[in-house]
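Dear colleague,

I am passing this structure on to you, together with some notes for someone who has not worked with it before. Please look through the sequence and the model first, and then read on.

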Amino acid sequence: MVANNSKRKGFRPLYLLLLIPYAAMMWVPSYNRIEPMIAGIPFFYWYQMLWIVLGAAVLLPIYFSEERGRDGQ
Amino acid sequence: MNSPALIIFVALFAFVTILGFFAARWRRGDLNLLSEWGLGGRRFGTVVTWFLLGGDLYTAYTFIAVPALLFGAGATGFFAVPYTILVYPLLFAVYPRLWSVAKAKGYVTAADFVRGRFGNGTLALAIAVTGIVATMPYIALQLVGMEVVIAGLGINMSPTIPGIGVVHDFPLLIAFTVLALYTYSSGLRAPALIAVVKDFLLYATVIAAVIVIPAELGGFAKIFAAADPKTLILAPATAANFGPQSAYATLALGSTFALFLYPHAVTGLLSSSSRHVVRRNAVALPAYSFALGLIALLGTMAVASGVRGMPQYAEGFKTFGNQFAVPALFLHSFPNWFVGIAFAAIAIGALVPAAIMSIACANLFTRNIYREYLNPNCSPKAEAQVAKIVSLVVKLGALFFIIGLPTQYAIQFQLLGGILIIQTAPAVLLGLYTNRLNPWALLLGWAAGMASGTWMAWTNAFKVSIYPLHILGVIVPCYAAVSSLVLNLAVSLVFSWLFNGILRTPPRDATAEADYA
């Protein structure tokens, strides 16, 4: 817990990925519409549901890079 | 009476009660220590933490209230989806640091951390009291979730007990007494085990609901066609008024930052066995968000099903308003026996967060009020004993809240709770990265945020948490938690700069950078 500290300090640019879901969700006008529908579900609803998956996917590259860093020490 | 539903409901309830008492023996530890009783010994791995946090954050009340909002107000209610999307990047990036420092220093609450980081008992007290005040009405609301489904089963809420007379809310009394007893004896292990059962019931219900109900109603196209076209999406912004779109975005953003400041969320987080468990859960918990999104859509389905106008549900809607939408939809669409499973999922879904919230409040009171001010030299055993008793008192308080006061009060207080708890963000979240903030400045910022947030909610008679800001001649409706937090941050930063410049007192930080890794 203490030994790896010096290597893990500082800002890691990969973390900028985390801002993507914020940008997507805060920009409400980009998804506040009905068309195109999928299976009768308006865009507003299925697009945000899709972002649940994309939001989790964005975490994966950072997660794996952190895990790799952990093994290498 | 719906007898098969009732039998299944009662049987499942009895089963989790046994499980709750049995939990004391699970992963046995010394329950006379606060970190064992109140944090499960910090030993929960990835899977248990997933169940525990899922049960903790996606509460019964959420599953009743979010679809009720879509049922009544339309698209605005869907803000719960972006909210739960944005929570996990934050959890992933920031909260492993809290886990690490809490483990290194033996912290049990967020206020413990603030006490250590800034060396100021008054600021820690403010953080602890905010946590307790914000959580109490939240516990009360779990009772509302339970009340709605018990009424939906057709159980007489106020039966005549021989020798006593009419007892109001009798089933709630029973359920909460049982809950209080096994929380007392098993601590956090009880909700952790029960959460597993709850999840199986919940996912079964959600899967059945999205298969059965749209088919019965003729598909999603018909469901959305039945909704009011004006509320199907948010009203567009105009040049003079951003309208519901800025309200939607700020509701999602404010709720995101508030969530993991709540004591019950911190308790769930700190009970995990490593910072990697926290990270893995940030990736895996969105599965619940997907379930929440589907459950939210039940509100729209309830509109299309026409349950509102059916005479057999009139009584329920009269008593519970839109919150009866989901129970009515289930009663209308499911075979009777499955209603028992679905309602049990909701009622048991109320027990899990109610237990964790009362434990979290007990931890706060014991650590940051009792041991800090009342009995600094108490033994670890006495500390755990106080926490157990406080968890009972907290549940009693919640019970009186619901039985003694109109439900509306609990809902309004909970709305206010989000605005209050977010004011701990500068001390807790910025505190994870710097000790250069002055604790008195943080306290001033906290006070400014509390006052302005409460005032904004008060101007809406505590019914709505959206307050219209006037920015450069444009009206921007904004969640009061967000605007008051901005004020809080500004005050905290400016006065920190001022105080540090004048006083030049070195930070009294009990933690070291290595503790956060």
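**Notes on the structure**

In chain B, the crossing of helix 8 and helix 17 is right-handed (the near helix is turned clockwise from the far one by less than a right angle; helices are DSSP runs of H or I with at least four residues, and strands are E runs of at least two, numbered from the N terminus). Please keep in mind that this is a predicted model, in which local features need pLDDT of at least 70 and side-chain atom pairs count only at pLDDT 80 or more, while totals for chains, interfaces and linings use all residues. Residues are numbered from 1 along each chain, chains are lettered from A and ligands numbered from 1 as written, and side-chain values use heavy atoms, without hydrogens or water.

To continue with that pair, helix 8 of chain B (residues 170-186) packs against helix 17 of chain B (residues 336-374) at an angle of about 50°, and their axes are 10 Å apart (angles run from 0 to 180 degrees between N-to-C directions). Helix 8 of chain B is therefore oblique to helix 17 of chain B (under 35 degrees is roughly parallel, over 145 roughly antiparallel, 65 to 115 roughly perpendicular and the rest oblique). On the helix 8 side of this packing are B:Phe176, B:Leu179, B:Tyr182 and B:Thr183, which meet B:Leu351, B:Ala354, B:Ala355, B:Ser358 and B:Ile359 of helix 17 in chain B.

B:Ile471 has B:Val474 in strand 4 of chain B as its bridge partner, and of the two residues between the strands, B:Leu472 takes a positive phi near 50°. Elsewhere in chain B, B:Arg42 has a positive phi of about 50° although it is not a glycine, and B:Arg42 is found in the loop between helix 2 (34-37) and helix 3 (46-57) of that chain.

Where do the two chains touch? One place is B:Phe220, in helix 10 (residues 220-226) of chain B: apart from neighbours within four places in sequence, B:Phe220 is in contact with A:Ala39, A:Gly40, A:Ile41, B:Pro214 and B:Met301 (heavy atoms within 4.5 Å). In chain A, the peptide bond from A:Glu35 to A:Pro36 is cis, with omega near -5°, and A:Pro36 lies in the loop between helix 2 and helix 3 (43-71) of chain A.

As for confidence, the mean pLDDT (0 to 100 for each residue) of chain B is 90, with 100% of its residues reaching 70 or more, whereas chain A has a mean of 83, with 81% of its residues at 70 or more. Please be careful with residues 1-7 of chain A, where pLDDT stays under 50 and the model has nine contacts beyond four places in sequence.

Terms used: pLDDT is the predictor's confidence in each residue, from 0 to 100. Two strands pair if DSSP finds at least two bridges between them.
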